[in-house]
Amino acid sequence: MAVRTIPLTIRMAGGTDIENITQSVAEAVTASSLQDGIVTVFVKHTTASIMIIEDEPGIRADTRTFWDRIIPPDSHWQHNTLNPGEDNGHSHLRGQLQGPSLTIPFAAGTLLLGTWQQVVLVDFDTRSRMRECIVQVLGE
Amino acid sequence: MAVRTIPLTIRMAGGTDIENITQSVAEAVTASSLQDGIVTVFVKHTTASIMIIEDEPGIRADTRTFWDRIIPPDSHWQHNTLNPGEDNGHSHLRGQLQGPSLTIPFAAGTLLLGTWQQVVLVDFDTRSRMRECIVQVLGE
Amino acid sequence: MAVRTIPLTIRMAGGTDIENITQSVAEAVTASSLQDGIVTVFVKHTTASIMIIEDEPGIRADTRTFWDRIIPPDSHWQHNTLNPGEDNGHSHLRGQLQGPSLTIPFAAGTLLLGTWQQVVLVDFDTRSRMRECIVQVLGE
């Protein structure tokens with residue numbers, strides 16, 4: 001049993017920008033030489049999340065639409081009202097609900113993703129930022 | 001430390017159908033002979049999720065109601081508009097928000113679930129399908 | 001590789017009460033003497049969740065506001081209608097969507113949280129209760 005911790009830094013545009021990181025996660029498993037275990041994918045920010053989606057243009061557009069409906073940008077979020085200069089209250093609420101981490105099993109050296117499952121980083125913030133992720137492979 | 005990976009295939013009805021898989025998860029821990037560690041329960045599809053709920057008829061009904069309210073079926077989801085024949089845009093959005101995986105600790109050979117916590121598979125798709133899950137036990 | 005399982009019991013007020021447990025999680029990693037691996041934080045209740053947030057008063061207020069909007073208290077939830085004496089149907093729906101567990105990687109004996117990321121327990125129930133959590137450290 002061993003642990004391999006691999007940082008992954010990506011420039012994101014904000015505004016529910018989506019970046020497909022499936023290949024980086026798969027390569028971390030291969031590079032670890034481990035056969036069976038879990039990969040934890042974790043983003044080190046409160047206004048971004050890790051998701052698994054079918055990554056096609058319709059789903060990317062619908063993801064933006066549905067977040068704008070259920071947690072809209074609004075100057076009245078108390079995060080914006082109480083902290084001068086902040087405009088990303090909605091980004092925080094989206095990030096904490098979608099969540100910062102995902103755990104994916106692998107076996108025989110291969111991620112056990114379904115045919116249509118892609119691992120993506122989504123950025124809910126209001127401006128472009130560099131985003132740090134951790135891909136940690138743990139197994140035997 | 002060891003890893004045991006157990007596939008679990010279940011026919012689901014779609015339409016926010018819920019299947020209780022707690023016993024299968026508990027049996028995977030017992031069969032592994034491991035005493036302490038984590039179980040990762042993962043569904044290999046983008047329109048289904050793993051949840052922990054109090055599994056009683058009221059909660060099952062409320063789960064359908066609340067999803068129909070916050071992410072309703074709608075022919076205008078771009079997943080449906082851009083991909084001829086698709087009608088399950090809402091199923092994707094629900095699945096990616098609820099999430100495909102859960103990690104549950106166990107100790108002394110027993111899952112550390114609370115009294116009312118049950119592990120369920122929920123299927124958000126629009127028709128009946130066979131669903132593949134992975135139950136992976138990792139520990140010592 | 002080893003596993004350390006640490007219980008954590010906290011009195012919570014209900015009503016989307018938030019308690020910051022970051023220090024307890026960090027201390028569990030330190031006490032384990034493990035260097036690299038994952039911490040699983042799990043709450044053993046169906047009406048409470050583990051979240052990562054930027055923990056400041058605006059976000060705490062906004063978290064209450066947004067849950068009251070998307071899953072409001074309502075005597076018509078079937079959990080309340082079918083089970084005499086129950087009034088917490090909305091608490092269950094919130095807990096199952098936010099989820100009972102989080103997995104956080106650590107390396108060189110330190111949690112890999114971002115600058116603004118704090119681990120919190122949130123209680124969606126309608127009255128004060130004692131809440132049991134598990135902090136499980138697994139690694140080498």
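Me: How many helices and strands are there in chain A?
Reply: This is a predicted model, and the elements of its chain A run, from the N terminus on, β-β-α-β-β-α-α-α-β-β-β-β. The count for chain A is therefore, with helices and strands taken as DSSP runs, four helices and eight strands.

Me: Among contacts in chain A between residues at least 6 apart in sequence, what percentage join residues at least 24 apart?
Reply: The C-alpha atoms of chain A fill a box of roughly 50 × 30 × 20 Å along the principal axes, and buried residues account for 53% of its 140 residues. Of the contacts between residues at least 6 apart in sequence, the share that joins residues at least 24 apart is 82%.

Me: Why are the buried residues of H1(A) on the same side of the helix, and what arc do they cover?
Reply: In helix H1 of chain A, spanning residues 22–32, the buried residues are A:Val25, A:Ala28, A:Val29 and A:Ser32. They lie on the same side of H1(A) because the arc they cover around the axis is only 95°.

Me: Which residues are exposed on the other side of H1(A)?
Reply: The buried residues of H1(A) are covered by elements of chain A including strands E1 (2–12), E3 (37–43), E5 (101–107), E6 (110–111), E7 (118–123) and E8 (129–139). On the other side of H1(A), the exposed residues are A:Gln23, A:Glu27 and A:Ala31.

Me: Which residue with a positive phi follows H1(A)?
Reply: The phi of the residue that follows H1(A) is near 60°, and this residue is A:Ser33.

Terms used:
Residues are numbered from 1 along each chain as its sequence is written. Chains are lettered from A and ligands numbered from 1 in the order in which they are written. This is a predicted model: local features need pLDDT of at least 70, side-chain atom pairs count only at pLDDT 80 or more; totals for chains, interfaces and linings use all residues. Helices (H or I, at least four residues) and strands (E, at least two) are DSSP runs, numbered from the N terminus. A residue is buried if 20 or more other C-beta atoms lie within 10 Å of its own, exposed if 12 or fewer, and partly exposed in between; C-beta atoms are placed from the backbone. Two residues are in contact if their C-beta atoms, placed from the backbone, lie within 7 Å. The arc is that of the directions from the helix axis to the C-beta atoms.
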